[in-house]
Number of protein chains: 2
Amino acid sequence: VTISDEPQRVAHITSGLFGDQSGWSHDVSEGSTITLTGGADRRDDCAWFSISGPMDVVFGSDYVRGPKFMLYELGLLSNYDIGWYLAGANLSDIAAMGATPAGFLSVVRYPLDLPDSEFTEILTGIRDCCRTYGVLNVGGDIGSAERIILSGSAFGVIRPGSVLTRDGAKPGDLLVVSGPTGLAAAAMAYFGRDALSSAAGLDATSSDKLLSVWRRVRPEVALGRRLSEDGLATSCQDTSDGLRATIEQLATASQVGFAVDQSRIPTHPAVESAANLLGIPVLDLVFGGSVDFRLLFTVRADDPALPSLWEDFPGCTVIGRATESREIRIHDGGESTELPGEPWRHHTD
Amino acid sequence: VTISDEPQRVAHITSGLFGDQSGWSHDVSEGSTITLTGGADRRDDCAWFSISGPMDVVFGSDYVRGPKFMLYELGLLSNYDIGWYLAGANLSDIAAMGATPAGFLSVVRYPLDLPDSEFTEILTGIRDCCRTYGVLNVGGDIGSAERIILSGSAFGVIRPGSVLTRDGAKPGDLLVVSGPTGLAAAAMAYFGRDALSSAAGLDATSSDKLLSVWRRVRPEVALGRRLSEDGLATSCQDTSDGLRATIEQLATASQVGFAVDQSRIPTHPAVESAANLLGIPVLDLVFGGSVDFRLLFTVRADDPALPSLWEDFPGCTVIGRATESREIRIHDGGESTELPGEPWRHHTD
C-alpha cells in the first residue's frame, strides 16, 4: 500500500489525471465564447478562463457529506462512486440554472492513511463525471483531514437573459418533474434498515436501481439547457432538498401555490417495492428528503414548444398546476391534503 | 440559546446578512463590465453574473481546517475570526492571479448544537472580510456536520492577457516578497507550546501581532492588481504553503533556480521574540509552512515601474534573484546552503 504526501499526489496522481486541459472551449452564442486557458494542469493558484462577448455566468457550491456516507461506510458505494457523486451534485446546480457547465473545482480531504489507490479512485470518479457532462475538473484543494470530506463548486455559462430562476411561476403554469423521485430515499431506508428486521429482501434489479442513483448521479444538464434555450421554463430548481421542499421553495419564490395531482406523480417500481417491504407509505419516499437531482420546473400551459419537449424528454411529467392561492395541496380524487413527506430540515448528517 | 434548523437559518440569518445584493458591478476595462444579477439574496441554485465585453475569469477553492483550528479550540480565535479567515484565504488566491475578486461562495457546516449566535458570527466574519475587499458572499452551502467545516471558492475577473501565473520568471529577475513571513507559524508554535515548558512569555504587543495574522487575513488584492495592471510581475504566487515551498514551486513552474540573500529576508520582531523564547531558529519559522498569505513574485530587474511599486507598497522586499542554474540556494556572506524550513508536506491537520 502506497501512501504519498500531498506534493507527491499533486505531482504524480492529479497531474496524470488532469493533464493537458488547454483548448476546452464552448460557444455560448453567436460571437460569445469561453475558453479554458489554464486548468488544473498548470497548478496556478486558480483556474483561468478567457471570455469574449456577452454572457451570463452562474456559480454554485455543494458540500457532500451526510446520509450518502452511510452507504459508503456500508461498502455499497466505492471511492469512485463518491467522487462521481461530488461532481454530479454540483453540476446539478448548474443544470437547474439552465447553464452549460464550464469548470468544476473539487475539494478532496482525506485521512492520512488513505492509500494512493483510493485517492486516485475518488479523483477518477470526479474526472469521469465531469467528462460525461463535457466539463473539466480545473482545480480545487487536496490535503488531509480526520476523514473524507468532499466539497465542490462549479461554474457555468449561458446566453444573457436566459438563466432559469425560481421566481417566475405564474398561476396556471404547469408543474413538471423530470422523472420519478424517491429512489435515493428508498435506498437509504432499505439499505439502512436493521438486516434482522426483515427476512425478505428486494430483488436484485430493484436493489441495483436504488443504488444506481447514488452511484451515478445524472445531473439534467441537457434538459436544463433545453428549458433555457427555448425560454420554456418560467421557474426551475433541482430536487436536491426533496420533492416536497422543492415545490415549497418554488412556491415561496414565485409567490404562488400549487395544486398537485396525486394520480400523476411518477413512481418507480423499485421505490414501490421498497416501500411495501419496509411498511412505509410510498409517497413519503417520493416527496421526502430524497436527493434524486431531478429538475422541477413550471411551463406556460399553452407553450407551443411543449409537445417537442415531451417527445425529447419523455421522463418529464406534469404533476400539477400553479395557483393564485398560496396554498400547496395534493389532490386525490375529491380529497385534498398537505403534501406528504417530511418538510425540509436537512438535519440528517 | 437558540438553535434553528437549516431552513430557519436561511430564512432569517443569511437573509439578514446577505440582503439586496443586486447592483454590484465592476468595470474590468474599457467596455468590459461584470454585474451581479442574482446573489445569495435570491436563493437560486447558483449565483448569477452578467458579463459584457472580453475578460479573463479566475476561479479557485480553499478548504479551511487544520492547524488554525488549534487556535480556535484554544479560544484564541473567535467564530467571527474563522469566518473572516475562510474568505481571506480564498481571496488570496484571486489576488495571486492579479485579478479583482467578483464573488465568494462559502460552505459552512456545523454541529447540530451550534447556537444561532455562533453561526451568525461565522457568517458575519465572512461578510465583513468580503466587504473589506469589495466583493460579496454570493452563495454557498450551509448545513450540519460532525464539527465545524469551512470551505470556499472565489471567482475573479481581469483584463484579458494580464493574469499572473507561476511560470514566467526568467534568469536575472528579482525575487520579491510582499512582507515578512513566519508570523503565522510563530503563532502556532508559541500558543501551541506546553504552557509549563516556558515560564517567560511574549509581551502583549508581540503576542497580539502573532494572533492578528490569523484573526484578520489580509489578502494582497491591491498589490496583485497593481502587478497585473502594470504588467510588472513575471510570475506570482501566494505564500499559503510557506515561503520555502512557494519559492520551490515558482522555480519548478518557471524552470529557473533562485539565489536568495539571507541578509535581505524581512523578519518581524514578534517572530524573532517567539523564536528566541522557544529556542527555534528564526529562519525555520520564516521559511517553513507559515500561512501568511503574502505574495511572492518576480519582476524584471530593469523594469522602469519598480520605483513607484516600492513607493506604493513599502512592504515589498527584494530577497534574491532567479538563476539559470536550477538550484535554490540561500547565501549568507560567502556561505550558501539549502533553504531552511520544512519542505512542503501539508500533513498538519
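This is a predicted model: local features need pLDDT of at least 70, side-chain atom pairs count only at pLDDT 80 or more; totals for chains, interfaces and linings use all residues.
Strand E5 (residues 100–110) of chain A runs parallel to E6(A), and seven bridges hold the pairing together. Within it, Val107(A) has Asp141(A) of E6(A) as its bridge partner.

Residues are numbered from 1 along each chain as its sequence is written, chains are lettered from A and ligands numbered from 1 in the order in which they are written, and side-chain values use heavy atoms, with hydrogens and water left out.

E5(A) and E6(A) belong to an open sheet of seven strands, ordered E6(A)-E5(A)-E7(A)-E4(A)-E3(B)-E2(B)-E1(B), with mixed pairing. Strand E6 (137–144) of chain A and strand E1 (25–29) of chain B sit at the edges with a single partner strand each, so one side of each has no neighbour in the sheet. On average, neighbouring strands here are turned by 20° against each other, direction ignored. Axes are lines fitted to C-alpha atoms (for helices, over the stretch in contact), and angles run from 0 to 180 degrees between N-to-C directions.

A second open sheet, also mixed, lines up its seven strands as E1(A)-E2(A)-E3(A)-E4(B)-E7(B)-E5(B)-E6(B). Its edge strands are E1 (25–29) of chain A and E6 (137–144) of chain B, each pairing on one side only. The chains join where strand E3 (residues 47–52) of chain A pairs antiparallel with strand E4 (residues 55–64) of chain B over five bridges. There, Ala47(A) has Phe59(B) as its bridge partner in E4(B).

Helices lie across the chain B strands too. Helix H1 (residues 6–17) of chain B lies across E5 and E6 of chain B, at about 150° to E6(B). Helix H4 (residues 116–132) of chain B lies across E5, E6 and E7 of chain B, at about 170° to E5(B).

**How the copies relate**

Chain A can be laid on chain B with an RMSD of 0.0 Å by a turn of 180° and a shift of 0.0 Å along the axis. The two copies are thus related as by a two-fold rotation axis. In chain A, Gly53(A) has the C-alpha nearest the axis, 2.5 Å from it. The superposition is by least squares on the C-alpha atoms of residues with pLDDT of at least 70 in both copies. Of the interface residues of chain A, 100% are also interface residues in chain B, so the copies meet through the same surface.

**Inside the chains**

Strand E12 (residues 317–323) of chain A has five of its seven residues buried, so the rest of the structure largely encloses it. Buried means under 20% relative accessible area, exposed over 50%, and partly exposed in between (1.4 Å probe, protein chains only). E12(A) is joined by four antiparallel bridges to strand E8 (residues 174–177) of chain A, where Val176(A) partners Val318(A). Four bridges also join E12(A) to strand E10 (residues 257–261) of chain A, again antiparallel, and Gly257(A) stands opposite Thr323(A).

Over in chain B, helix H7 (residues 221–229) has buried residues including Val221(B), Leu223(B) and Leu227(B). Among the elements covering them are helix H3 (79–96) and strand E9 (233–238) of chain B. After H7(B) comes Gly231(B), with a positive phi near 60°.

Helix H6 (residues 204–215) and helix H9 (residues 269–278) of chain B have axes that come within 9 Å and cross at roughly 105°. That makes H6(B) roughly perpendicular to H9(B) (65 to 115 degrees). Ser206(B), Lys209(B) and Leu210(B) of H6(B) make the contact (heavy atoms within 4.5 Å) with Ala270(B), Val271(B), Ser273(B) and Ala274(B) of H9(B).

Most residues other than glycine have a negative phi.

Key:
Helices (H or I, at least four residues) and strands (E, at least two) are DSSP runs, numbered from the N terminus. Two strands pair if DSSP finds at least two bridges between them. Angles under 35 degrees count as roughly parallel, over 145 as roughly antiparallel, 65 to 115 as roughly perpendicular and the rest as oblique.
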